[in-house]
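Subject: Structure handover

Hello,

Here is the structure we talked about. Please open it alongside these notes.

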Amino acid sequence: MWKVKPPVTFPKEVKYRPILENLIPPDPMAQFHLKRGFPQEEFPDLCRNFTWMGRILTLDLYRRQFNRCTQSGVIFDDVIRPGLEEPGDYLGPVSVGCVAGDAESYILFCDFFDRVIEAYHEQKITSQTPESDLNYDNLKGGDDLDRSYAARCEVSVVRGIEDFCFPTHCSRGERRQLLTLARQALQQLEQKLAGRLLLLTDLSQEQQSELYLKAPTSFQLRIGVARDWPDARAVWVSEDRSLLVWVNIDEHLRLVSTREDANVAQAFQCICINLQKLEKYYRGLRHPFIWKQQLGWVTSSPANVGTGLRISVLIKLQHLPKHKHLKDVLKRLRINMDKTDSPELYNISNMATFGLTEVALTQLVVDGVKLLIIMEKRLEGSLSIDELVPAQK
């Protein structure tokens, strides 16, 4: 116990303080002069918010993120903006309700993002690096779907480019640099697969529709994804139309392979081959794809972390959508079924992108589609499908 009160300052501390302060990285938040109240005054109303953000965010969690800011200027209110703009519906699918402004967001706001990712993908984040498998030969089936039911398929994958902010936060200059990089990388790809890069400013609405491109939604405009549209947006099209590469549309890069014969195996093979080539080209340009050790590949949306892979198959169903066990079947198969403009066509896709390899995710959708078709056939013959319902995992 002290008998004499210790000095308030120490000589060495006074001497070395200027040196120590210079070693501390500057706080980006100190450069802002935001006129904000206390966290409890700024906390959003989440009473009718049905996104994962709305379910997870508490005042204590908000308070911990409140004064944080990434080096590029992303604050936590930027992260949760999508969920406030689109709070979701009680009976509808639950969206993530948040977006990363840059790659650093996943680190700085990790205690929030990790909870959202685990809830949305139903997979725990561990210290282990997520596995990847782009060996398309490991896929079983996918080229044998019943064409009487399977109408079309699409396989797509998204990637973020290192050293650039994500679409909601990037500047015009960054977006134009991303287009320049894409042009350089795709020119190298053209040596293996003939194609050409088309700027959206040069395409009519009909031409964009032919390339499966849609006009930006009001939601995309509100959260900043479609700022300055269509400046520095482009799509690369292979001559055989087997591959499309979207540049700055909704993410930095999106590779899309669509097959009218519903051959998932061929579409997946096309994506795997060309994705690995582009990854090599971008690495050569010193701007590799963004990878986080515990999350895998990351882009702006937490819904796409891990693999960034989406597999969707359009199938014809009449009886199964009305069945009482459909909800349980879809949940246990870990697939989504969405309505389309046609009353008999439904879009089947993977629910998550994190926790499984690329081959495993594709296999999950292929096996799920086959089971749904078998169930539909049974119902057409007025037979029971109870024994086909998968067990709870």
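Start with S349. Leaving aside residues up to four places away in sequence, S349 touches I311, S312, I335, N336, D338 and V365. S349 itself is found in strand β10. Is S349 buried or exposed? S349 counts as buried, because its relative accessibility is 11%, and the cut-off for buried is under 20%. Bear in mind throughout that this is a predicted model.

**The chain overall**

The protein chain has 13 helices and ten strands. Its C-alpha trace spans about 90 × 50 × 40 Å along the principal axes. There are 393 residues, and buried ones make up 47% of them. Now take the contacts between residues at least 6 apart in sequence. Of these, 73% join residues at least 24 apart.

**The sheet**

Strand β10 belongs to an open sheet of eight strands. Their order is β2-β3-β4-β5-β1-β8-β10-β9, and the pairing is antiparallel. Which strands sit at the edges? They are β2 (195-199) and β9 (335-339), and each of them pairs on one side only. Neighbouring strands are turned by 20 degrees against each other on average, direction ignored. As background, strands of a sheet pair through backbone hydrogen bonds.

Two helices pack on this sheet. Helix α8 (residues 172-189) touches β2, β3 (234-238) and β4. The direction of α8 makes about 165 degrees with that of β2. Helix α13 (residues 358-380) touches β8 (309-316), β9 and β10 (345-350). The direction of α13 makes about 10 degrees with that of β8.

Now the β9 end. β9 and β10 form a hairpin, with five residues between the two strands. They pair in the antiparallel sense over five bridges. In that pairing, I335 stands opposite N350 in β10. I335 is also one of the residues that S349 touches.

Next, β4 and β5. Strand β4 covers residues 244-247 and strand β5 covers residues 253-259. How many bridges join them? Four, in the antiparallel sense. V247 has L253 of β5 as its bridge partner.

**Backbone points to check**

Most residues other than glycine have a negative phi, and most peptide bonds are trans.

- N248 is not a glycine, yet its phi is positive, at about 65 degrees. N248 lies in the loop between β4 and β5. With a relative accessible area of 6%, N248 is buried.
- A262 is not a glycine either, and its phi is positive, at about 60 degrees. A262 lies in the loop between β5 and α11 (264-284). At 2% relative accessibility, A262 counts as buried.
- The peptide bond from W229 to P230 is cis, with omega near 0 degrees. P230 lies in the loop between α10 (218-223) and β3.

**Cavity and pocket**

How many cavities of 30 Å³ or more does the structure hold? One. About 60 Å³ of space lies in the largest cavity. Which residues line it? They are P167, C170, R175, V225, R233, N248, I249, D250, E251 and H252. By type, the lining divides into four nonpolar, two polar and four charged residues.

The second largest pocket holds about 260 Å³ of space. It is lined by 16 residues, and the closest to its centre are Q123, T129, P130, E131 and G355. This lining divides into four nonpolar, ten polar and two charged residues.

**Where to look**

View S349 in β10 together with its contacts, including I311 and V365. Then view the loop between β4 and β5, where N248 lies. End at the cis peptide bond from W229 to P230.

Best wishes

Key. Residues numbered from 1 in each chain as written. Predicted model: local features only at pLDDT ≥ 70, side-chain atom pairs only at ≥ 80, totals over all residues. Heavy atoms only, no water. Pairing = 2+ DSSP bridges. Axes fitted to C-alpha atoms, helices over the stretch in contact; angles between N-to-C directions. Contact = heavy atoms within 4.5 Å. 1 Å grid on protein atoms, 1.4 Å probe; cavity = no way out; pocket = protein on both sides within 12 Å on 5 of 7 lines; lining within 4 Å. Points joined across faces, edges and corners; volume = space filled by probe spheres on them. Nonpolar A, V, L, I, M, F, W, Y, C, P; charged D, E, K, R; others polar. Buried < 20%, exposed > 50% of the residue type's maximum accessible area, 1.4 Å probe, protein only.
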